[in-house]
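This report covers strand pairing, the nonpolar core and the pockets of one protein model. The sequence and structure come first.

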Amino acid sequence: MTHHLFDLSGKRALVTGSSQGIGFGLAKGLLDAGAEVVLNGRDISKLADAAQRLGGTVKTAAFDVTDHAAARIAIDALEVELGSIDILVNNAGMQHRSPLEEFPPDAFEKLLHTNISSVFNVGQAVARHMIKRGHGKIINIASVQTALARPGIAPYTATKGAVGNLTKGMATDWARHGLQCNAIAPGYFDTPLNAALVADAEFSRWLERRTPAGRWGQIEELIGACVFLASDASSFVNGHILYVDGGITASL
Ligand code: NAP
């Protein structure tokens, strides 16, 4: 039997960017821990398909996390129609790979909006309700690039560094209102975002040598960290960046 500290029964969780990949895996993990789950993404049919795969109780909310007004309207509507959002996972994100000297400025802008403005947009909209209630959990999905750079992804690295620091800022402003705001920083996981790397045998060989655990991560291996940070088990954990990376950031 699961320890009561990790039980999410009676809680409602919104996971942004959860029609596939890590977001979908975390939504499933929160559902299995007892939470009601709301999936988010921009593509309505992809969302409906994801909800169907998770089963009957799962709800969807299609909106673009880069749009501050749209996020606020969607969150306020969810609070009225479904009830309180107790757990927010700010997961939606994107990648664009290019040498920095050739990096297209529009791709840089899009990365900023998708990876960091989104955390502000949805985080602020949800926190306003959580603050009134005096409790809530916000989990931002950072990256090993919160701490370390890699060739060809400097703007992504900048956005994920910012996610780490925005997490600390959220904790600093909102802990006094009873919220816990933390981040999970995944290493390398096989998702559509990483399709180019998964297909690159040389990259996989490098990654397996570079990672102390000697392998790619499985999405299910992020669930424990997410349930911990979403549950009463983390009631005094605030502004923490929890690396789930097979030891990459621990070693040179
Ligand atoms: P993914 O497979 O590409 O999935 C991204 C999800 O975000 C999709 O559901 C996508 O759905 C949604 N999305 C993208 N832009 C959006 C927007 N503007 N508004 C709403 N939803 C949006 O990515 P992933 O690999 O699972 O990554 C998820 C998060 O983990 C990202 O923040 C990523 O940076 C981070 N991360 C991933 C890894 C990894 O190894 N994969 C490692 C470290 C960190 P729609 O396109 O339908 O909107």
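The model is predicted, with local features requiring pLDDT of at least 70 and side-chain atom pairs counted only at pLDDT 80 or more, while totals for chains, interfaces and linings use all residues. Residues are numbered from 1 along each chain as its sequence is written, and side-chain values use heavy atoms, with hydrogens and water left out.

**Strands and crossovers**

Helices (H or I, at least four residues) and strands (E, at least two) are DSSP runs numbered from the N terminus; two strands pair if DSSP finds at least two bridges between them. Strand β2 (residues 36-41) is largely enclosed by the rest of the structure, because 5 of its 6 residues are buried. Buried means under 20% relative accessible area, with a 1.4 Å probe and protein chains only.

Strand β1 (residues 12-15) pairs with β2 in the parallel sense over 4 bridges, and arginine 12 has glutamate 36 of β2 as its bridge partner. Between β1 and β2 the chain passes through helix α1 (residues 21-32) in a right-handed β-α-β crossover. Right-handed here means that, with the strands pointing away from the viewer, the path from the first strand over the helix to the second runs clockwise.

β2 also pairs in the parallel sense with strand β3 (residues 59-62), over 4 bridges. Leucine 39 has threonine 60 of β3 as its bridge partner. The β-α-β crossover from β2 to β3 goes through helix α2 (residues 44-54) and is right-handed.

**Nonpolar core**

A nonpolar core is a set of buried Ala, Val, Leu, Ile, Met, Phe, Trp, Tyr and Cys residues joined through side-chain atoms within 4.5 Å. The largest has 32 residues, of which Leu8, Leu30, Leu39, Val89, Ile139 and Ile184 touch the most other members. Elements giving two or more residues to this core are β1, α1, β2, α2, β4 (87-90), β5 (136-141) and α8 (223-230). Helix α1 gives the most, with 6 residues.

**Pockets**

On a 1 Å grid over the protein atoms alone, a pocket is an open set of points where a 1.4 Å probe fits, with protein on both sides within 12 Å along at least five of seven lines; lining residues have an atom within 4 Å of a point. A volume is the space filled by probe spheres set on the points.

| Largest pocket | about 990 Å³ | 47 residues | Ala92, Gly93, Met94, Gln95 and Leu193 |

Elements giving two or more residues to the lining of the largest pocket are α1, β2, α2, α4 (105-133) and α5 (154-174).

Notes: Buried means under 20% relative accessible area, exposed over 50%, partly exposed in between (1.4 Å probe, protein chains only).
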